[in-house]
Structures are given as C-alpha cells and as structure tokens.
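Subject: Structure handover

Dear colleague,

I am passing on the structure we spoke about, and below it you will find my notes on what came out of the analysis. Please read them with the structure open beside you.

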Amino acid sequence: MNWKKRISAALLLCAATLSTYADEGMWILKELNKENLARMAELGFKPSADLLYNENAPCVANAVVIFGGGCSGITVSDEGLIFTNHHCGYGAIQKLSSVEHDYLKDGFVSQSQAEELPVQGLSVLYLRETVDVSDRINSQIAKFQDEYKRLMAADSIGDAICDSIDHDNPFLSARVVPFYNNNKYYLVTYDVFRDVRMVFAPPSSLGKFGGDTDNWMWPRQTCDFSVFRVYANAENKPAEYDKANKPYKPRYVAEVSLRGYADKDYAMTIGFPGSTDRYLCSWGVEQRIKSTNEPRIEVRGIKQALWSEAMAASDAVRIKYASKYAGSSNYWKNSIGMNRGLANLNVIDRKRAEEKTFADWVSQSAARKAEYGEVLSLLEKGYTSTNDLLKTRTYLSEAFSNGAEIIRLARMVQQFDVEESTAEEKAIFMEDRVRAFFKDYEPTLDQKVLAAMLKIVKERVAPDRLPDIYEKIDKKYKGDYEKYAAYVFKKTRLLSEANIEKMINNPKEYDKLKKDPAAELALSTSLALYSLSQEMGDAEFDILQGERLYFKALKEMYPEKALPSNANFTMRMSYGSIGGYRPYDAAWYNYYSTDKGVLEKEDSTSSEFAVQPEILDLLRQRDFGRYGNDKGELQLCFLSNNDITGGNSGSPVFDKNARLIGLAFDGNWEAMSGDIAFEPDLQRSISVDIRYVLFVIDKWGRCGRLLEELKLVE
C-alpha cells in the first residue's frame, strides 16, 4: 500500500444517490449484491453469478488479466492466448521494431509458435485471490486520531500481511489495497507470468486508425487489438523466459461469440480500471481543472509538438518515440476533454449543491456534528491551501519528470545504489534500465525539449519556487535556455553507456557524477519537487481524513444503497447496455460503425488515416463471410454505457451469456468528465467488435491457426 499516492478524492454526497443508476459503478466481483444481480438480470444477463466469480471453481474472472503495467486483457484459448488492445501492446510492438522490421507500420504475424517473439520486461498477471482483511487492520488503527499515524499503521500492517504470504516467490505479487476511501482493506494476490510473447499485431494503419484526431471520438473505425501468448514452465507455473517453456494452460477460457449484438442488448466489462474521483468535492474539481489539467495541457503540448516534428522527419525517430508520444498525447487530450466536460456539465455547481445537502444532514444531529461536523472544512482547507503549490508541482513534474528525458536518465543513475549492489544487479541495471533507455532515445531532440521545458517553467512558476539551477542559468547564460541546454548535452558524461557502466562499477568514477551538469540539473529539480511535496503534506492528510469520514457518513445516510468504491486498479466489473447517444442538439450517433467509415475517412496523404492498398481492397471486396452482419456490413466498433476508465483498455466486453463480443478501448469526447461525474445518458464506452478482430486475423493475417484455438460460438 502507498497512502502517498491518493487512491481517490473526497467522496461527497450527491443528490443523484437517491436515484442511483445501477448501470453506474465499477463493482468488486466479490461484493456483488442482490441489487446488482437484479439489475443485471433486468438488463438481460442469463448465467448465474458463480460463472463470473467463484473462489472454488473456474470462472470468467480467471480469464481476465492485467496486461503489462496498466491495461487489461482476456484469455481466449487453452494455450495461453491473450487478446488486448493494440495501444496496450504498442510498447512491446515498438520495442521489437526496427527500421528493418517495422512492426508498428507493417504489423506482425506469426504462423507458428516458434515464430512468436519474446518481449523483455512484459508481464501478465492472473488474479489468484482477494481476501477481506479490514477487521485485522481497522481494529488496530481505530485508536489513532491523527490521520498520518493512522495511515502509517495501516501501511505497516498491510506490509506485514503481504510479507507473510510468500516474500521469496518472485512470481507472486501481493498487496493490501484500501477501498472506500480507506474504510475497507483487501489483500489482493496475483500470479506473475514473465514469459510473454508477441503473436499477432495489425499494422498501425488499423490498430491506430484515426490517430490523435479520432482519439476519444465517435464514430471510430480503429481495429484496436493485439495478440500475445503466456508461457509457463513444465509444471504450468510462472517462470522467466526459457525456450523450453510451454503455452500456459489457464483455469478458464472465454468463449468468443460471432452472433453479434443489437441495440439495448446486455453488455458487461471485466477489467482493471485505474482511478476515478466520482465524488470529488467542488474544491477538488476546481483544483483538478486549474492546478493539474491546465499545466499538463500546456507543457505536453509544447513537448509533443517538438516530438511530432522530429518523428515526421525520420523513421528511426518515429519508431523510438511512437510509444512515448502515444502515452503522453493520450492524457494530454484527456485533460483537454475533461476540462471541457466539467464546464459543459456544470459539475462544480452540482457539487456545491451536494455539499449543502450533506451539511444539512449533519446539522440534524448532535452526534453527526461531533463526528462529521469538520468534514467539509477539512476538504475546503486541504484543497484551497494547496492550489498554487500543486499547480507549481505539476509544471515542474511535467517539464522535468515527464518532459526532458536527460533528467530522468540522471535521476535513474543517481538513485542506483552503487555500494550495495552486486555485480549481477549492476549488469541487470545496465541491460534493463540503461540500454533500454538509450534504445528509444534521441539526444539532439531531447536537447530541444530541455530548452523548451526550462523556458515554460520560468514563465509560469513564481521566482521563489524555481529550482535553484535557474540562478546559475540566469547568471552564466543570461537566461538563454538553448545555450544552457547545449552546454548540458555537450558536457554530460551520461550520454554514454560505457561511462555509466564505469560509474556504477567504480566508486571514484561515480563520485564524479556530483559535478556532471545533467546530474546537477536533475538534483536541483528533484529538490524543488520534494520541497513542494513536503509543504503539501499536512493539507493532504486533511483531505484524506475528510474522504474517509465522508464515505463513512454516506453509508450511514443510505445503508441499503450499493455504493461502488472508486477505481484503484483492482478487478472490477461494470454492466449496462449497448446503445447510441445524442452528443448535442439535433444529432444522434448510431451504436456501431462499419467498413464504410474506413473508406470514407481513408486519406493516403495523412499519417493518421492512410491505409495500405491491400487492406482497402479487402474492405472493398466486402467478402466478410461469417464476420459480417445480416446487411452484409462488417461492424467495426460499438458503443455501450459500461462504466470504464484508464486501465480498462483491453477489457473484454461480454454479452448476456458471458461470451466475448469485443475489447473496450476508449471513452467518448462528450463525457470526458466521466472520471469525476458519470452521465448515463451521455457517457459511452467504445469497443472494437470481436468480429472485426477475427476478420483481420483471418483475411489480412491469414493466420488460421489462431482461429482454431478459439472457442467460437457461431
């Protein structure tokens, strides 16, 4: 557990609670109740709940995985075959690509297991167990009134619980996770598989069709999928990569439906949503807009423009920066859309009304006043006192932690424990961290980024909050950031792998790092960020205390209501229906897109909409066979009102019989405020139709061997 990374924001009462939409919510499968199950049945779900989650028998949840560090996926064969999104596999595809083998541009097809490519550093996690340890923790921390002491005690107990599981097993991940704003705790354990191999990837013209222009938009025609395989040792247990490993035999394999879906059909996702702040207070919403999103939008926009220009000029740079650019741009556009949505939906005014409702409820009882009377003041004080600090921290972190990569490299070397590390650990550091960094790095480009980052921080951050390196830049370089950046890149020894290897293997060489200009810059920016975090500490504990007490109050107010915990990258399910929506007055969006959309949007002069001629020919031939609908169309993507967020990418979408019909990959632009305010009439999940996936595997990839592995339902 790590309380310093806030799991969720303040959980405040909303008037909508009185008429909660059962479709809203990312539900813990272990906690599904009568209200959930009744609503699921009403929407059309047929099987019993045991098929979804069962701790004593194989179930659908056994097939859903964490893919990589932040996505979901689904097991679709008894030989460990995993379907996930193309953008989830993008980093792996990029890592295996080169100018000679450009799998990003051309795609990748393996026609045998021998041709499948191992991906270094990629892991797939299967959920082993979820255990409620709330009583063990809450009984020991209830005595603490100070929130800091309370959280530290909870962390300590959680760490002890995890250590008792099997701290010597490198293929088991155990963590105690707080839910419901630190009111409840679960021990969550995973089996970690590290032998993962790339099996199939469509070209980016399909997997990223529409690029940044279509990102978060509808209608979509993006074939956002990729295929990987999990391998295990002879005992079917997780293991490091070994040629002798065999495909993993999973507990459960999802059936794949070719039957399609209709308007208002049941739809369900199971995956690992990352983070939501559904009940964020009005002061928190204001802070998100002004102090987090606005700085992120500005800084990433500057950096991405430089990256984009360099990528367009060189295939080598394009391959190096493709994954980094996609990751940066995704949350850049998300921040833009969120601010727009929060304004359009008048979320701040609604939150203020909700806070008044809560205050009225508290005022009706002396006991409530005693326990909850300070909740709103804690939240108001916590947020308003940190607005400027957080805005400054965002500028610094976006510019120097997520912006100029030379700083990240310097910090990485600075933080490596040279004295305590073994020769083996040093070799692993060089291979897995240093060489991996340089594989996807272009110093001449980063020099331009550094100058731009230094400039925007100087313009936006108060003088007394600037890292002290600015004093040197102003004095020695007269504020010429391009000149200073040129000096850093010319004089640093960190741009050489050989130099770094010398440093970590020779303490005398490592001591010289103190005078290295890149290391000096990294240390200065780190200290500035640390200082800001220290100043914000007390206020953050006020917020955390307010969050915890507020959720407790909410449960008292509505004890019969099923209230979902905010997302925290643990397995959740959401249920709802397939359907279109009205984005604005006099317009209606259909619930699915077709092959016609690709032909309408295709543009050979655009990097985002260009499609290879052979793929266009396949679509024009309209030989869709069993993958087409009864109108002779190939349905590409579809909409449902499933409640998802970041981390759900790659989540399987199931029909009323718990059969796979698609992979969730995006949300819609009009409801980008959804992480804070769910709008059932407007919010939609965008998924790629599994029939489009199979069409591409079959007709473009001509990879029938994969289709033979699937449990297809015609």
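In this predicted model, aspartate 623 is in contact with Leu618, Phe695 and Lys699, once its neighbours within four places in sequence are left aside. You will find aspartate 623 in the loop between α24 (613–621) and β16 (635–640), and it counts as partly exposed because its relative accessible area is 47%, which falls between the limits of 20% for buried and 50% for exposed. Aspartate 623 and valine 299 are 324 residues apart in sequence, and from C-alpha to C-alpha they are 47 Å apart in space.

Turning to the cavities, a search of the whole structure gives four of 30 Å³ or more, and the largest cavity has a volume of about 110 Å³. Among the residues that line the largest cavity are Tyr53, Leu127, Phe179, Tyr190 and Met571, while the elements that give two or more residues to this lining are β6 (124–132) and β8 (184–193). Sorted by class, the lining of the largest cavity consists of eight nonpolar, two polar and one charged residues.

By class, the lining of the second largest pocket has ten nonpolar, seven polar and seven charged residues.

Best regards

Definitions and conventions: Residues numbered from 1 in each chain as written. Predicted model: local features only at pLDDT ≥ 70, side-chain atom pairs only at ≥ 80, totals over all residues. Heavy atoms only, no water. 1 Å grid on protein atoms, 1.4 Å probe; cavity = no way out; pocket = protein on both sides within 12 Å on 5 of 7 lines; lining within 4 Å. Points joined across faces, edges and corners; volume = space filled by probe spheres on them. Helix = DSSP H or I, 4+ residues; strand = E, 2+ residues; numbered from the N terminus. Nonpolar A, V, L, I, M, F, W, Y, C, P; charged D, E, K, R; others polar. Buried < 20%, exposed > 50% of the residue type's maximum accessible area, 1.4 Å probe, protein only. Contact = heavy atoms within 4.5 Å.
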